[in-house]
2 protein chains.
Amino acid sequence: MKYGVTRDYVINMEVVLPSGEIIWTAANVLKNSTGYNLTQLMCGSEGTLGIITKIVFKLRGFPQKTVLMMIPFVTNEEACKAIAAIFTAGIVPSGMEFFEREAAERTFEYCDKVLGSPVTTKLTEGMNAYLLCELDGNDEEVLMRDAERVMTVVEKFQSGEVLFAESAAQKEELWKIRKNISPAVNWHTLTKSDDVVVPRANLPKLITGIKEIGKRYGFNTVCFGHLGDGNLHVNILKENISNERWENEIPKGIGEIFKLTVSLGGTLSGEHGIGIAKRPYMTIAMSEVNLNLMRGIKKVFDPNEILNPGKIF
Amino acid sequence: MKYGVTRDYVINMEVVLPSGEIIWTAANVLKNSTGYNLTQLMCGSEGTLGIITKIVFKLRGFPQKTVLMMIPFVTNEEACKAIAAIFTAGIVPSGMEFFEREAAERTFEYCDKVLGSPVTTKLTEGMNAYLLCELDGNDEEVLMRDAERVMTVVEKFQSGEVLFAESAAQKEELWKIRKNISPAVNWHTLTKSDDVVVPRANLPKLITGIKEIGKRYGFNTVCFGHLGDGNLHVNILKENISNERWENEIPKGIGEIFKLTVSLGGTLSGEHGIGIAKRPYMTIAMSEVNLNLMRGIKKVFDPNEILNPGKIF
């Protein structure tokens with residue numbers, strides 16, 4: 001979003017190779033065209049190429065002020081359309097988090113019963129999807145003007161009354177909701193969780209398609225995530241699904257979700273990686289040629305396959 | 001600088017491999033943790049891994065307003081110190097270009113005699129280094145406030161009277177100076193040009209050291225570049241240096257410049273790459289282990305060495 005993704009801030013790394021040799025991948029500079037980009041090759045390599053022991057990040061000034069809004073929508077699709085429209089209007093929020101009503105309701109219960117700190121924020125009747133939109137900067141006036149522009153944009157997408165966090169405490173509570181969704185969703189039931197990412201403009205098709213796939217395969221999903229980046233976390237709930245179907249049928253549904261994602265210009269993982277769980281689906285996202293290049297790179301770094309063997313591909 | 005480097009905007013590529021196979025390196029998404037980062041591996045690979053036939057960039061809103069200032073300084077060192085201080089003050093210019101007085105003088109002559117469009121801007125007596133500092137954004141007030149903050153910062157570094165571009169035409173003229181430095185410097189004489197990059201805070205030591213090395217090896221340098229990124233272009237002028245010394249002695253001086261750069265946490269190339277000219281110096285910037293990893297990656301993509309053989313390493 002406003003500041004891009006974390007990996008863009010990584011400029012140099014100390015790495016211990018499988019051979020035991022220690023290298024620095026690059027230099028402590030903002031621009032570098034000196035040989036291949038080993039730094040970004042290491043980022044997201046899931047420990048299959050080397051062990052990262054030091055990381056050098058580029059830094060940016062810390063913004064002095066933030067505005068935080070919780071924006072309710074009648075449907076997921078309208079919330080997703082609103083996200084793309086906000087960016088298209090030239091506003092670049094520092095945070096743009098999405099959650100379904102069910103995610104919030106489960107989190108309210110979790111905060112109350114498990115954390116013992118009930119949420120005081122109320123969900124409006126008939127509002128089924130929520131955006132947590134944060135703007136930051138150093139100029140109050142500019143922030144308020146952008147906040148008003150956000151309000152004007154979202155009005156076009158069946159949004160409800162926008163909740164402005166009035167105090168640090170209220171901001172904290174809104175973030176508390178977002179941050180506890182994952183434990184809350186995993187509290188009552190087993191889940192299988194995905195981390196798909198698509199171009200922002202295709203988010204409405206993605207979320208509609210996921211719900212359709214859920215209906216066909218008979219599973220309920222709770223969705224939330226970093227939709228400003230097009231990155232959606234799909235939690236598939238086991239609930240009363242039999243172990244047999246959970247192990248044999250549901251993965252086919254997950255495959256359908258990945259096929260849909262890729263057909264929308266997206267891919268399997270925005271941030272959590274592939275590991276073992278998503279490895280069987282890699283051919284949905286890329287060709288054998290890509291995979292063989294990656295296998296070849298793995299061999300160059302780790303000829304004896306001692307680092308995370310069997311991960312990714 | 002404000003928007004980072006170009007490669008950070010590249011999210012996906014179509015690449016023709018030496019085998020003739022065509023791949024997409026990634027997906028059209030802002031975040032991606034799906035296998036190794038082939039996109040950034042291709043960026044800056046200088047045509048040694050594949051032929052890039054399509055590139056997908058992420059986009060950002062186009063800023064509506066800019067402020068452009070030319071700031072003179074008594075010495076290169078003070079100009080370099082001022083750059084680090086501006087960023088440390090939390091101001092992030094959209095452009096921060098540096099040039100020595102000699103670069104400007106040669107450019108004025110070049111614009112007059114070669115381009116036939118004389119520069120009307122004057123250089124103040126006793127001011128030997130210049131910064132072209134551009135701020136951009138959508139809010140005039142914020143821009144002017146930041147411009148004033150820049151003025152306050154540079155006052156501490158023996159700066160002269162700041163020239164504010166009053167009109168589009170004047171902005172164009174200031175950029176014309178910067179953009180014609182390279183042809184101007186290469187007009188009268190052969191040059192060897194470097195593209196070193198260091199952490200911003202080490203720019204004063206870099207430029208002082210380069211001048212000392214020039215004295216020792218008997219060459220004159222004209223320096224300019226993107227110092228907001230720590231990226232300095234060093235033009236070594238042949239002038240009346242004999243061909244023998246130009247071919248045999250001066251490269252040793254260049255090696256000294258690279259050693260200094262690396263000792264300051266920097267590296268050989270910020271943007272132009274290594275090619276053949278800088279290949280002999282690669283071991284100054286990285287270990288044999290790094291180079292062998294790169295050679296291994298090259299073999300994975302191009303086992304028959306048909307793409308730019310002998311480039312980089």
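**View 1. B:Asn37 and its surroundings in the predicted model.** B:Asn37 touches A:Arg7 and A:Gln40, leaving aside residues up to four places away in sequence, where contact stands for heavy atoms within 4.5 Å. This is a predicted model, in which local features need pLDDT of at least 70 and side-chain atom pairs count only at pLDDT 80 or more, while totals for chains, interfaces and linings use all residues; side-chain values use heavy atoms, with hydrogens and water left out, residues are numbered from 1 along each chain as its sequence is written, and chains are lettered from A and ligands numbered from 1 in the order in which they are written. B:Asn37 is found in the loop between S2 and H1 of chain B, with helices (H or I, at least four residues) and strands (E, at least two) taken as DSSP runs numbered from the N terminus. At 13% relative accessibility, B:Asn37 counts as buried; buried means under 20% relative accessible area, exposed over 50%, and partly exposed in between (1.4 Å probe, protein chains only). The side chain of B:Asn37 reaches the backbone nitrogen of B:Thr39 at 3.3 Å, and a polar atom of that side chain lies 2.9 Å from the backbone nitrogen of B:Gln40.

**View 2. The interface of chain B and chain A.** In this interface, 65 residues of chain B are in contact with 65 residues of chain A. The area buried between the two chains is about 5,100 Å², of which carbon and sulfur atoms give 61%; buried area is the accessible area (1.4 Å probe) that two parts lose on being put together, summed over both. B:Lys31, B:Thr34 and B:Tyr36 supply 19% of the area that chain B buries against chain A, more than any other three residues. Across the interface the rule finds 28 residue pairs in polar contact, both residues being at pLDDT 80 or more; a polar contact is a pair of N or O atoms within 3.5 Å, where within protein one must be able to donate a hydrogen and the other to accept it, and residues adjacent in sequence count only if both atoms are side-chain atoms. Strand S2 (22-24), helix H1 (38-42), helix H4 (140-154), helix H10 (282-285) and helix H11 (288-301) of chain B each supply at least two residues of the side of chain B that touches chain A, and H11(B) gives the most, with 9 residues.

**View 3. Salt bridges between the chains and within chain B.** Across the interface of chain B and chain A the rule finds 8 salt bridges, a salt bridge being a side-chain nitrogen of Lys or Arg within 4 Å of a carboxyl oxygen of Asp or Glu. The side chains of B:Lys31 and A:Glu271 meet in one such bridge, at 2.5 Å from N to O. Within chain B, the side chains of B:Asp302 and B:Lys298 form a salt bridge at 2.7 Å, N to O; B:Asp302 is buried, with a relative accessible area of 1%, and B:Lys298 is buried too, with a value of 4%. Salt bridges that share partners join A:Lys31, B:Asp229 and B:Glu271 into one network.

**View 4. Two salt bridges of chain A.** Over all chains, the count by this rule comes to 38 salt bridges. A:Arg106 forms one with A:Glu239, the closest N and O atoms being 2.9 Å apart, and this pair links distant parts of the chain, with A:Arg106 in helix H3 and A:Glu239 in the loop between strand S10 (231-237) and helix H8 (243-248) of chain A, 133 residues apart. A:Arg106 is buried, with a relative accessible area of 13%, whereas A:Glu239 counts as partly exposed at 37% relative accessibility. A:Glu256 forms a salt bridge with A:Lys259, the closest N and O atoms being 4.0 Å apart; being 3 residues apart in helix H9 (residues 250-263) of chain A, these residues are separated by about one helical turn.

View 5. The structure holds 8 aromatic pairs over all chains; rings of Phe, Tyr and Trp (its six-membered ring) pair if their centres lie within 6.5 Å, and planes under 30 degrees apart count as stacked, over 60 as edge-to-face and the rest as tilted. The rings of A:Phe99 and A:Tyr130 have their centres 5.8 Å apart and their planes at 15 degrees, so the pair is stacked. A:Phe99 lies in strand S5 (residues 95-100) and A:Tyr130 in strand S6 (residues 129-137) of chain A, so the pair ties together parts that are 31 residues apart in sequence. Both A:Phe99 and A:Tyr130 are buried. In chain B, B:Phe99 and B:Tyr130 form a stacked aromatic pair, at 5.8 Å centre to centre with 15 degrees between the planes.
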